[in-house]
Amino acid sequence: MGEHTVASFDEDLGQISRLIRDMGDLAGSMVSGSTKALLTSDNALAQRVVSDDAIMDARQRELDDRAITLIAKRQPMAQDLRAVVGAIRMAGDLERIGDLAKNIAKRVNAVGQTVTPRTLAHGIESMSVLVLSQVKGVVEHYVARNAEALRDLRTDDQKIDVMYTALFRELLTYMMEDPRNITSCTHLLFCAKNLERIGDHVTNIAENAYYVVTGSQLPAN
């Protein structure tokens, strides 16, 4: 993005970009923390993730306020307008990722009171590793203006969907084999679904970031 005649305009755009990076870092931390807490029954870590959601919400409000003020003051055109509107949309998806991570963290206590089969924990962990790499990658690719890498993120989202389907079937099997597994498996099922939804939000961010960077919509699969 080229520099503008008015230096403060560049500073305004830079602040919005920094907020996206901050929200991306926090989203990654929340996803990592919530899944680690789930797998290790760490209630203190889970509570920190729940608390972080308020910080995420505050950053989204700050970004929205800055973006709206910039539009009103500067009346940006073309690429600049794409950047501002795209940032608003990406911030909305990052805030939702924070909500989903918080929802996982809120189930840690309930799951921790039961014996989680090792294979199920491994399935959740494998999903979380791929989801976390997506969350971190999408903001890095946006900052680096790497359109090709943003396009490739959709392939990883398809992998997450496949992993979720396999884990869903496995959880159902455990529930049918022994009714005592129903409560813990239901909580794990919601956690797995939240991870799958995080992947969907990353795809939304990638599509908006691709549009900001290139001015074109991400081609359909």
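Is Tyr164 buried or exposed? Select Tyr164 to begin: this residue is buried, at a relative accessible area of 14% (buried is under 20%, exposed over 50%, partly exposed in between, with a 1.4 Å probe and protein chains only).

Before moving on, note that this is a predicted model, where local features need pLDDT of at least 70, side-chain atom pairs count only at pLDDT 80 or more, and totals for chains, interfaces and linings use all residues. Residues are numbered from 1 along each chain as its sequence is written, and side-chain values use heavy atoms, with hydrogens and water left out.

**Stop 1: the aromatic pair**

Rings of Phe, Tyr and Trp (its six-membered ring) pair if their centres lie within 6.5 Å; planes under 30 degrees apart are stacked, over 60 edge-to-face, and the rest tilted. That rule gives one aromatic pair here. Helices here are DSSP runs (H or I, at least four residues), numbered from the N terminus. Phe168 is partly exposed, with 31% relative accessibility.

**Stop 2: α6 against α7**

Now show helix α7 (residues 182–214), whose axis comes within 9 Å of that of α6, crossing at roughly 170 degrees. Axes are lines fitted to C-alpha atoms over the stretch in contact, and angles run from 0 to 180 degrees between N-to-C directions. The two helices, α6 and α7, are therefore roughly antiparallel (an angle over 145 degrees). Their contact holds 21 nonpolar, four polar and eight charged residues; nonpolar covers Ala, Val, Leu, Ile, Met, Phe, Trp, Tyr, Cys and Pro, charged covers Asp, Glu, Lys and Arg, and the others, Gly among them, are polar.

**Stop 3**

Within α7, pick His201, buried at 7% relative accessible area. Beyond its neighbours within four places in sequence, His201 contacts Asp93, Arg96, Ile97 and Leu100 (contact means heavy atoms within 4.5 Å).

Then step to Leu218, in the segment after α7. Leu218 is buried too, at 11%. Not counting residues up to four places away in sequence, Leu218 touches Leu150, Arg151, Arg154, Glu207 and Tyr210.

**Stop 4: charges over rings**

Finish with Arg145, which lies over the face of Tyr142 at 4.9 Å from the ring centre, and Arg82, over the face of Tyr211 at 5.8 Å. The criterion is NZ of Lys or CZ of Arg within 6 Å of the ring centre and within 35 degrees of the ring normal.

Conventions. Parallel < 35°, antiparallel > 145°, perpendicular 65-115°, else oblique.
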